[in-house]
Amino acid sequence: MEQPTIIEIKGLGKRYNINHHRGGYIALRDVIANVFRAPFAFLKFKAKQLAGIDVKEEFWALKNVNIDIKKGEIVGIIGPNGSGKSTLLKILSQITPPTTGEVKIKGKVGSLLEVGTGFHPELTGRENIFLNGAILGMERKEVAEKFDRIVEFAGIAQFLDTPVKYYSSGMYVRLAFSVAAHMEPDILIIDEVLAVGDAEFQKKCLGKMDEVTKQDGRTILFVSHNLAAIQSLCTKTILLQKGEIKAAGDTNEIIKQYLEEMTTQGVELKPDLNKDVTFTKAWIADENGVATDIIDVSKNFKICAEFSVQKETNNAEISFGLKNSEGMNVIFTSLSEKNKGEFEHLPTGKYSVVSGVRGNFLMPSIYTLLVAAHVRGSKNIDHCPDVLSFTIADNGRTPMSPYGKYGLAHCAVLTNCDWKIESLSSE
Amino acid sequence: MQTTIIKPKKIFRWNDLREIWQYKELLYFFTWRDLKVRYKQTALGAAWAIFQPFMTMVVFTIFFGKLAKMPSDGVPYPIFVYTGLLFWQFFSSALSSTSSCLIANQSIITKVYFPRLILPITSVITQLVDFAIAATILVGMMIYYGYHPNLLGILVLPILLIICFMAAVGLGLFLAAINVKYRDVRYILPYFIQMLMFLTPVIYPASIAGKYSWILAINPMTGVIQNARAALLGTAKINGLLIFISFVATSVLLAIGIVMFKKTERYFADII
C-alpha cells in the first residue's frame, strides 16, 4: 500500500559564513580594533557589502537537497563527518532556517538532538520530567498521564524527589531517555543520541521506539554512525556527502555503497623541524592498501604513516595507538615488536611505516589514531594524539555478531576464543 | 493534521504572535522553572525580594533624605524613595535578566525549536513576582504613614505597570539580540542601568528639573514613577499627558526591540 508523503524537501540549502560559524561570538572590541587598524580595508569591505558583492567566505553545509519521505518510513541518514547530517536535522527541527529551498512537513514533529535538553540540576526528577516534557512539546496533561510509565521505564522511582544534580550520570541519562521515549509525535527526528547511556538501557530504548513505530506507523529520521543500528531499524537510508545527497534508497544497498566509496587521502601533518624524527602524513587503508576512513569489521586493515628522520638516530621507536569513541585506549603497538624489542637504526631520509590489524578484532566504533615517535634516552618525542578518526563499521552480515541486534554491547574487542563442549554424564 | 512549512525566514509574520499563544504552556513552565530555581540554596529564600529594595531604601533615606536633605514633594522620604525604587528595581532587574536570557538558555536554543520570544517574556514575568512581593512593604509603609490611594490612582497603577513591562521587554529584546553577537552587553549593562537611574526621578522628585521636566518624560520610567507617586501618595495630580508620552515612547521602544530581535533570531542557533 502506498503511503502518503509526510515530508517534502525541495531544493534545500544552508550557507554558513565561515567567520561566523567558527569564531563563535565576536567582541565589539574586535570590530572597533579592525576599523582603526585598517580603516581603508574596513571601508572597502563595507562598501562592497553595501554594493551587494559578497566578500565573506562562504560554506554550503547543504546544497540542493531534494527528497520525499513517506509516512511510516524509518529513514537513516549516514555520511562522513561534516557531510551535513546534523545541519539537515537542525533545519527539519526548525532550530536554524535554511538559506534556500523549502520543506513541507505534515504532522507534529518531535526532535531529539540531545537527551535531557533543558534539564535543570536544581530541580527534582519529578519536576524535570514535566519541564523536559514541555520542552519536547508534550502537553502537561499528556505528561501527567504517562508519568508512571516514564518513572517505571527509567527505574528511578526512589529518587523522584531528589534534585537531579545528585543523580549519577547513568540515572540522569536514563531519566532523560525515558521522557524522550514517551514522546508521541507523528515524525521523530533523532541525532546521534544513542551514543550515551549504558548498553542495556539503550537497547531498551531502541526496542521501545521500534515497537511504537511499528504499532502507530510513526515516521522516524535517524542519524547515526552506528551502521548496525541503522541497518536493523531503517527501511530506507540517505547517504550525504559534502552537503549533497549522494544516494538514497534501500538500506543494505546504501550501506554497501558507503563502505565501498568512502576513501580519503589521509591527513597531512605539519612536521616539527626541531625533532629528530617527525611525522608528515598518516592514513588508514583497507587490506588492498586503498586509503579509507571506514572499515568493514570483518576485514583486515592497515595503519599507515610517513615520517622523516632529520638526524641519523640509533634508537628510534614508532608507535600507533587507537582510542575508541568512549575514550578507552584499545590498542597500542610499536615498531620494536617486529624486532623483539630492539629499536631501529635510521639514517636521515623519508620513511613509511605500515602496521596491519586483523579483521574481526576491534569492536565497531569510531576510533581516533595516535602516532608517536621517540628516541631512546632522549625526550625528543613527536607525539601526535587524535591525528584522524575512522569508523569500524558493522556490516550486519558478519557470521559472528555476538554483540546483539543493535551492536551496542560495551566490549572493546571481539572475542574469538576456542570453545569445546563435552557431555560428562554417563549413558 | 497541522502542516509546517520551513522556508528561509522572513523578518516578521503575524503568525509569530499566534505561535506564542500555542506555546503558552512552555511559557508557563519556563517561568515556573525560573521561580523555583531562583532562590534555591539561599538561606533567606524569597525574602531576598523584600530585603534588597528595603535595604536600599534605608541607605538612601540616611544619605539622600537625612544628610543631603533631598526634596521629596512634601512626602516622608522613606516612602517617597521606596515607591520609586519598587518600580525602578522591577524595570532594571527585568532589563538585565531579559538581556541575558538567550545566553542563559543557550543549550535549549541550539537543540529544540520554540518561539524564542518566550524567553524574554518569561524573564520579565519572573521579575513581576518579585515586584509583587516587594510591594507588600509599600502597602505596610502606606498604612504606617497613613496614606491611602484614590480610586483613579488604583486604576492608573496597572497602566503604569504595563508601560514598565513594555519598556523592559522592548529594551531587553534589543540588548538580548545584541548580546548574542557581542558579549560586551554583559559589561556595559550594569553601568548603563546605574546611569539611567540618575536620569530617572527615583531618588529625587522630577519637579527639581523645573520647566524642563517634560524632557525627562521621554524616559518612560519618569512618567511611570512620577505618576505612581501621584497615584499612591498624592504628591501631585495624575498627569495624563505624561502617561501618554511614556506610553508612546515605550511602544516605539518595544517595536524597535521586536524588529531587532526577529531580525537576528534567524542566526541565534548558529552563532550563540
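**Interface contacts**

Between chain A and chain B of this predicted model, 3 residue pairs are in polar contact, both at pLDDT 80 or more. A polar contact is a pair of N or O atoms within 3.5 Å; within protein, one must be able to donate a hydrogen and the other to accept it, and residues adjacent in sequence count only if both atoms are side-chain atoms. The chains share 1 salt bridge. Lys36(B) and Glu127(A) form it through their side chains, 2.5 Å from N to O. The term needs a side-chain nitrogen of Lys or Arg within 4 Å of a carboxyl oxygen of Asp or Glu.

**Interface extent**

In contact (heavy atoms within 4.5 Å) are 48 residues of chain A and 38 of chain B. About 3900 Å² is buried between the chains, 63% of it on carbon and sulfur atoms. Buried area is accessible area (1.4 Å probe) lost on being put together, summed over both parts.

**Helix pair in chain B**

Helix H11(B) (residues 220–233) packs against helix H12(B) (residues 240–265) at about 145 degrees, axes 8 Å apart. Helices are DSSP runs of H or I, at least four residues. Axes are fitted to C-alpha atoms over the stretch in contact, and angles run from 0 to 180 degrees between N-to-C directions.

Pro220(B) and Val224(B) are among the H11(B) residues that meet H12(B), where the partners include Leu242(B) and Ile243(B). The contact residues comprise 5 nonpolar, 5 polar and no charged. Nonpolar means Ala, Val, Leu, Ile, Met, Phe, Trp, Tyr, Cys and Pro; charged means Asp, Glu, Lys and Arg; the others, Gly among them, are polar.

**Basis**

Residues are numbered from 1 along each chain as its sequence is written, and chains are lettered from A, ligands numbered from 1, in the order written. Local features need pLDDT of at least 70, side-chain atom pairs count only at pLDDT 80 or more, and totals for chains, interfaces and linings use all residues, while side-chain values use heavy atoms, without hydrogens and water.

Technical notes. Helices (H or I, at least four residues) and strands (E, at least two) are DSSP runs, numbered from the N terminus. Buried area is the accessible area (1.4 Å probe) that two parts lose on being put together, summed over both.
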